[in-house]
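Dear colleague,

I am passing the structure below on to you, and I would be glad if you could look through it before reading my notes, which follow directly after it.

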Amino acid sequence: MERQMTDQRPKTSRRADTMPRSRTIAALLFALIATMAVGAVGGAQEASPVASPVPTEGAAAVIPSPIGDPRPAPELVGLVYPDLTPFDLADLQGSPILLYFGYTHCPDVCPATLGELFGVWEEAPDMQAVYVTVDPERDTPEFLAEWTRYLPENLHALTGSPGAIRRAAENFGVRYARVETTSTSGYTMSHTAELYLIDKHGQLLLSYPFGTPAAEIAADIAVLQAD
Amino acid sequence: MSRSKRRMSMPGASAAVALSLTLGAVGAVAASDDDGSSEAMASAEPMASMAPGLYVQEAWTRESPMLDLAGAAYMVIHNTTDGDDALIGASSPVAEVVELHLSSMDDEGMMSMAQVQEIPIPAQADAVLKPGSYHIMLIGLLEPLTEGTDVEITLEFATAEPQTITAPVLAEPPMSAMDMDMDAMDDGMDDEEGDS
């Protein structure tokens, strides 16, 4: 497949209630294979009817991806590790990747997602997690360096300029905004909280809504690893 | 997958934790009753036969190693009385400030969090504090919250007397707490385990 530009936006609605709760990646792989088969037979065909990004009626159970067609994951341009080393998603190819946009001062939703990652690691220890902060004001390189001391090495915490983070987020359809609060803990960031699954070939396959059980994600990764 | 009713049962060590929490919480409630003799009865009797009140179960605190970051505590508060009540505040020796918060997702899939003045505990129902929903925020941690330790939290209610509960620090929820919203509003009083 041809590598696409990074500014491609997801085509589908991101409403959580349209996302099937129980999906299997086997169905997605079936769609992939079908897509490839169609492509091989007739390269001139415009689009595979199988890989329609918008689930409709009977097809909804078979094509669960809320992302749309599997496609090369957008690059994360301009993001850096806490030690300021530039991040390159390609360096992680060969491993399944779960990507998240969150922030460390988030006491509830983001730690819950981190807890899910721990659950996935129990089943898939080679999974690489990429955690991009949407709060560079507080998640400075220094702060992230301290934070990652308590986390596994295969969690890649990234920050960057506000503009670089905004562009990276938009490429994945992630939205976020600063919200002032009455809380002693200061402002919060409201944000979409999906986990994005990227396979070992760098293809963006699925997004998981907040609260997806770790076992479900781990099962998908197991299917990918068997591939 | 399909559970007609959420039950207190859970596998392995989690079940033991939950059971001990149950008994611990019940003991704490009974001790605060004005009838001192109820304590011995409390640990042996099923909840349904106990005096109406607020009963806290499944309390836990998420591991939080950095003092600069807030911690969060979760639990289920059963209200077996015929009157509505509410959690209106909390305090803990591990945090300078304790607040009540609600995380929620809007129509566009954005998760946000807001401080709330109270968490309702309707009559004959439960208040469920869980990730992605109501929670107790521990701000200005005075010590790291380390797995294997316990956090004491004193809960203040609109009507009921305050209760001090113990919320063990865990790295992950004690059960599939993320997935319990569908049926967590069951009245919960008839699905006790370990009460025979």
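In this predicted model, helix α2(A) lies across β2, β3 and β7 (195-198) of chain A and runs at about 170° to β2(A). Such angles run from 0 to 180 degrees between N-to-C directions, with axes taken as lines fitted to C-alpha atoms, for helices over the stretch in contact. Helices (H or I, at least four residues) and strands (E, at least two) are DSSP runs, numbered from the N terminus.

Residues are numbered from 1 along each chain as its sequence is written, while chains are lettered from A and ligands numbered from 1 in the order in which they are written. Because the model is predicted, local features need pLDDT of at least 70 and side-chain atom pairs count only at pLDDT 80 or more, whereas totals for chains, interfaces and linings use all residues.

The strands β2(A) (residues 97-102) and β3(A) (residues 128-133) pair in the parallel sense over six bridges, and A:Tyr100 stands opposite A:Tyr131 in β3(A); two strands pair if DSSP finds at least two bridges between them. Both belong to an open sheet of six strands in chain A, with mixed pairing and the order β1-β8-β7-β2-β3-β4. At its edges stand β1 (71-72) and β4 (155-158) of chain A, each with a single partner strand, so one side of each has no neighbour in the sheet.

In helix α4(A) (residues 162-171), A:Ile165, A:Ala168 and A:Asn171 are buried, where buried means that 20 or more other C-beta atoms, placed from the backbone, lie within 10 Å of a residue's own, and exposed that 12 or fewer do, with partly exposed in between. Seen down the axis of α4(A), these buried residues fall within an arc of 125°, so they line one face of the helix; the arc is that of the directions from the helix axis to the C-beta atoms. On the other side of α4(A), A:Pro162 and A:Gly163 are exposed, and what covers the buried residues includes β3 of chain A.

Turning to the two chains together, 31 residues of chain A are in contact with 31 residues of chain B, contact being C-beta atoms, placed from the backbone, within 7 Å. The largest share of chain A's side, six residues, comes from α2(A). Strand β6(A) also pairs with β5(B) (residues 110-115) in the antiparallel sense over two bridges, with A:His191 opposite B:Met111.

With best regards
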